Amino acid sequence: MIPSILPTYNRAPIAFTHGEGAWLTAEDGSRYLDFGAGIAVNALGHANPELVEALTAQARKLWHVSNLYEIPEQKRLADLLVEHTFADTAFFTNSGTEACELAVKMARKYWSESDAPRHRIVAFEGSFHGRSSAGIAAAGSEKMTKGFGPLLPGFTHLRWGDHDALEAALDDSVAAVIVEPVQGEGGIRPMPDACLKGLRELCDRHGILLIFDEVQCGMGRTGRLFAHEWADVAPDIMMIAKGIGGGFPLGAVLASEKAAAPMSAGSHGSTYGGNPLACAVGARVMEIMTAPDFLPDLRRRAANLRQSLEGLVATHPDIFDHVRGTGLMLGLKCRVPAGDFVKAGYGEHLLTVPAADNVVRLLPPLNISESDIEEALRRLDAAARALEAA
Ligand SMILES: *Cc1c(COP(=O)(O)O)cnc(C)c1O
């Protein structure tokens, strides 16, 4: 008999009742150290007092009014995002997937108004852009698309790191390129800065719109507010979600005025997108992350973690191959099945997240303390030893 919850997930048999910072408490009262943060969502930890205050203060006033009216909380968050990014404008969604839908629509709308319309979108193998029709067409993997055809047409997929294929594929028939500056689900695969720069140049040469999907790698995760800042290049359109809501469902598409210009009244909409609750939380997240010490302090802790992980890998050469990633978006490439290591982590009451390419993701809350990092390292070591003994 089919369960009451559609069984599209293989869930670990653990249920949590509450959380605080980087810690979650399970139904049996035991505590787990959370190095997954709900897949990079709880960027400021569980039950963050400032976010609880922002949410509850707003909840007492107003939850929902619809985009038929002005929403001051939405305007405030949009202003913060415009102030701190390349973008001139923002549209709010409830998820990364919805942001993908709009990013694709916006790119196509832009070209539909041109003298020489284009609709083709170039994407990359191993990418993840959500599970909607546009999202799975953009990712293109067998795993995500099988049985869901006919797929949204117009997507081309290139091998990650294949410069020649990229150069050959980008011409004056391409409307947009969509890429994660650091692939998350794909196994913490950063696109090197030089490649992001080269990609921007190729797009400029052919008038192609560049879409960055920073749903996972954005919002401070790599140690800059957005991952592309490391390469000093800007997209035309950017998808964000996950960390921006700190656990409350919230996403957005940020865009330059040029890319967004054809999106006139009536061209797109959302019932819940940009509601006062989500935006009150999002604005507080932005205030916290753009405070002067937040990112430098994160980078310092991340560098220490990274160094300790190199040591961990060296100590357990049969378990790990190498460390990859930047900031607090780190991956342990494994020599044992990554899923086995994640399970061993559960045994040590440490939560990590598997990814493709046999990688275990470490995505702790961005404000995690030094002592919690040290505790995680002890538990990673214990999990590795448990696997070695088995
Ligand atoms: C999670 C994710 C998405 C989809 O976001 P949802 O909120 O799950 O819809 C899209 N792109 C990337 C890079 C992601 O990590």
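How many aromatic pairs does the structure hold? Keep in mind as you work that this is a predicted model.

**Exercise 1: aromatic pairs**

Task: Count the aromatic pairs, then work out what kind of pair Phe 16 and Tyr 32 make.

Solution: 
- Start with the count: there are 4 aromatic pairs in the structure.
- Now take Phe 16 and Tyr 32, whose ring centres are 5.5 Å apart. Ring centres have to lie within 6.5 Å to pair.
- Next, look at the planes. They meet at 80°, and an angle over 60 degrees counts as edge-to-face. So the pair of Phe 16 and Tyr 32 is edge-to-face.
- Then place the two partners along the chain. Phe 16 belongs to strand S1 (residues 16-20) and Tyr 32 to strand S3 (residues 31-34), so that the pair links distant parts of the chain, 16 residues apart.
- Tyr 32 has a relative accessible area of 7%, so it's buried. Phe 16 comes out at 34%, so it counts as partly exposed.

**Exercise 2: a second pair**

Task: Find what kind of aromatic pair Phe 124 and Trp 160 form, and say which parts of the chain the pair ties together.

Solution: 
- The geometry comes first: 5.7 Å from centre to centre, with 85° between the planes, which is edge-to-face.
- Phe 124 sits in strand S5 (residues 120-124), while Trp 160 is in the loop between strand S6 (155-158) and helix H7 (163-169). The pair therefore ties together parts that are 36 residues apart in sequence.
- As for cover, both Phe 124 and Trp 160 are buried.

**Exercise 3: charges over rings**

Task: Which ring does the charged end of Arg 31 sit over, and which one does Arg 224 sit over?

Solution: 
- Arg 31 has its charged end over the ring of Trp 23, at 4.5 Å from the ring centre.
- Arg 224 does this with Trp 230, where the charged end is 5.1 Å from the centre of the ring.

**Exercise 4: around the ligand**

Task: Describe what surrounds the ligand and how much of the ligand's area the protein covers.

Solution: 
- List the neighbours: Ser 95, Gly 96, Thr 97, Phe 128, His 129, Gly 130, Glu 180, Asp 213, Val 215, Gln 216 and Lys 242.
- Asp 213 puts a polar side-chain atom 2.7 Å from a nitrogen atom of the ligand. In the side chain of Gln 216, an N or O atom is 2.7 Å from a ligand oxygen. For Lys 242, a side-chain N or O atom is 2.6 Å from an oxygen atom of the ligand.
- Last, the cover: on its own the ligand has 380 Å² of accessible area, and the protein covers 83% of that.

Note on methods
Residues are numbered from 1 along each chain as its sequence is written. This is a predicted model: local features need pLDDT of at least 70, side-chain atom pairs count only at pLDDT 80 or more; totals for chains, interfaces and linings use all residues. Side-chain values use heavy atoms; hydrogens and water are left out. Rings of Phe, Tyr and Trp (its six-membered ring) pair if their centres lie within 6.5 Å; planes under 30 degrees apart count as stacked, over 60 as edge-to-face and the rest as tilted. Helices (H or I, at least four residues) and strands (E, at least two) are DSSP runs, numbered from the N terminus. Buried means under 20% relative accessible area, exposed over 50%, partly exposed in between (1.4 Å probe, protein chains only). A charge sits over a ring if NZ of Lys or CZ of Arg is within 6 Å of the ring centre and within 35 degrees of the ring normal. A residue is near a molecule or strand if one of its heavy atoms lies within 4 Å of it. A polar contact is a pair of N or O atoms within 3.5 Å; within protein, one must be able to donate a hydrogen and the other to accept it, and residues adjacent in sequence count only if both atoms are side-chain atoms. Accessible areas come from the Shrake-Rupley method with a 1.4 Å probe; for residues, only the protein chains shown count as cover.
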